[in-house]
Amino acid sequence: MPTHLEELVDFISHGNTQVRQLAVENLVPYSLSQPAIFKANQLQPITDLKLLVRDYKQIAKDVLTILINLSIDREILENLASDKSFVRTILGRITNPAESNANLISMLLANLAKYDELKDILAVERPAPKELASNNRAIDQLLDLFVKGADGTYNKAADFDYLSYLFADLAKHEEGRTYFLTKQEYDGVIPLTKMIVFTEHKSDVRRRGVASTIKNVAFEIDSHSELMAEDEINILPYLLLPITGNEEYDEEDTQSMLPDLQLLPPDKRRDSDPTIIQTHVETLMLLTTTRHGRDTLREIKVYPIIRETHLQIEDEGVREACERLVQVLMRDEEGEEKVDGGMKALEHRPNKSSERPKAMPGGGSWAKIEQEDEEDEDDDMIVEV
């Protein structure tokens, strides 16, 4: 005899719309606590849920919530992300300016990007709504949604912050990095320049995803000069401002810093999230891969900023990243005079490992949704893993 939960799962495909809706509503909490029930009959419940996303707008919120939570399971993730028809369906829905569940779709796409083959989305083409003023490439449409979502000018129900996690995972792949570094014909803009302006945005999710995207793009070593050039992508001020506080520096150091970092207000604060600070420092570390990068960071006095960050932030990951960066900046260049510039090694903490891990590409975090309180707002139920 089937259990109560098994009966609920069977009701997902019931012929009566109200029965389906009631079943889906009651299954939401079990998408986190008992995901195995959705894997019965060769993932037939997942197939049924995907059909509901396509056909029944009134229960899409609960269906999307279940799929977001279930996509953490590797088998279900592959089933969802490899279904090109399903991916096209949610792409069509997220670009609709009246879509009330656009943020949930953003979260689902962020999770689906953990499946490497979702990078194929970079080549997907579909007509763009005229309101979006984008082109016919899905990835361009998603990035334009992300930009417009910052101030709610496209869809008042969505900020599209979680798309930054999608972008971070796409940037782990060479094809993704190439996209973010290539000027697009339809607007004459390099995609990464649309993202770097959000490194100090109020949304933790947006800042975290943007930081990870920039870091992953920085693994494209041949593009470091373009990344740092003031008249090209110019990422340095967007990396340094979030890790800079209100400390006062020597006048000589200040004069050599980037103009954006001079005369900062007395209430200037570093990013409140240590993981974001660490990501930015690791990106700076990647930029030291070339001699040009090392010289540039020395010339614009990155060392004093890193020294103060190391001193002020009580976080082991941040401090280790700062120490590794300073070690590289202090290192003498082969065949040339000793590098000095007033730099001193940062103090090591007793509990730190002597083995320094190398920076590795990292995508956006997983998204999941806890069971919501009826009076809570949508934003309150989003929990990052």
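Which residues in H18 meet Leu 325, Val 328 and Leu 329 in H20? They are Arg 294, Leu 297 and Arg 298, where meeting means contact, with heavy atoms within 4.5 Å. This is a predicted model, in which local features need pLDDT of at least 70, side-chain atom pairs count only at pLDDT 80 or more, and totals for chains, interfaces and linings use all residues. Residues are numbered from 1 along each chain as its sequence is written, and side-chain values use heavy atoms, with hydrogens and water left out.

**Overall make-up**

- The protein has 20 helices and 2 strands. Both are DSSP runs numbered from the N terminus: helices are H or I with at least four residues, strands are E with at least two.
- Of the 385 residues in the protein, 52% are buried. Buried means under 20% relative accessible area, exposed means over 50%, and partly exposed lies in between (1.4 Å probe, protein chains only).
- Take the contacts between residues at least 6 apart in sequence: 67% of them join residues at least 24 apart.

**H18 against H20**

- Helix H18 spans residues 291-299 and helix H20 spans residues 316-330. Their axes come within 10 Å and cross at roughly 100 degrees.
- Axes are lines fitted to C-alpha atoms, for helices over the stretch in contact; angles run from 0 to 180 degrees between N-to-C directions.
- H18 and H20 are therefore roughly perpendicular to each other. The classes are roughly parallel under 35 degrees, roughly antiparallel over 145, roughly perpendicular from 65 to 115, and oblique for the rest.
- The contact of H18 with H20 has 4 nonpolar, no polar and 2 charged residues. Ala, Val, Leu, Ile, Met, Phe, Trp, Tyr, Cys and Pro count as nonpolar; Asp, Glu, Lys and Arg count as charged; the others, Gly among them, count as polar.
- Thr 288 sits in the loop between helix H17 (274-287) and H18. Thr 288 counts as buried because its relative accessibility is 6%.
- Leaving aside residues up to four places away in sequence, Thr 288 touches Arg 294, Leu 297, Leu 325, Val 328 and Leu 329.

**H11 against H13**

- The axes of helix H11 (residues 174-181) and helix H13 (residues 204-217) come within 10 Å, crossing at roughly 105 degrees. H11 and H13 are therefore roughly perpendicular to each other.
- From H11, Arg 177, Phe 180 and Leu 181 meet Thr 213, Asn 216 and Val 217 of H13. By class, that contact of H11 with H13 has 3 nonpolar, 2 polar and 1 charged residues.
- Gly 176, Arg 177, Tyr 179, Phe 180 and Leu 181 are the buried residues of H11. Their cover includes H9, H10, helix H12 (191-195), H13 and helix H14 (224-228).

**Aromatic pairs and a charge over rings**

- The structure holds 5 aromatic pairs. Rings of Phe, Tyr and Trp (its six-membered ring) pair if their centres lie within 6.5 Å; planes under 30 degrees apart count as stacked, over 60 as edge-to-face and the rest as tilted.
- Phe 146 and Phe 167 form an edge-to-face pair, because their ring centres are 5.6 Å apart and their planes stand at 90 degrees.
- That pair links distant parts of the chain, 21 residues apart: Phe 146 is in helix H9 (residues 138-149) and Phe 167 is in helix H10 (residues 163-170).
- Phe 146 is buried at 0% relative accessibility. Phe 167 is buried at 0% too.
- Tyr 162 and Tyr 165 are also edge-to-face, with ring centres 5.3 Å apart and planes at 80 degrees. Tyr 162 is buried at 5%, and Tyr 165 is buried at 0%.
- Ring pairs join Phe 146, Phe 167, Tyr 179, Phe 180 and Phe 198 into a cluster.
- The charged end of Arg 206 sits over the ring of Phe 146, 3.8 Å from its centre. The charged end of Arg 206 also sits over the ring of Phe 198, 4.7 Å from its centre. The test is NZ of Lys or CZ of Arg within 6 Å of the ring centre and within 35 degrees of the ring normal.

**A covered helix and positive phi**

- Helix H8 (residues 102-112) is mostly covered, with 11 of its 11 residues buried.
- Leu 43 is not a glycine, yet has a positive phi of about 65 degrees. Leu 43 lies in helix H4 (residues 40-55) and is buried at 6% relative accessible area.
- Asn 234 has a positive phi near 60 degrees. Asn 234 is in the loop between H14 and helix H15 (236-240) and is buried at 18%.
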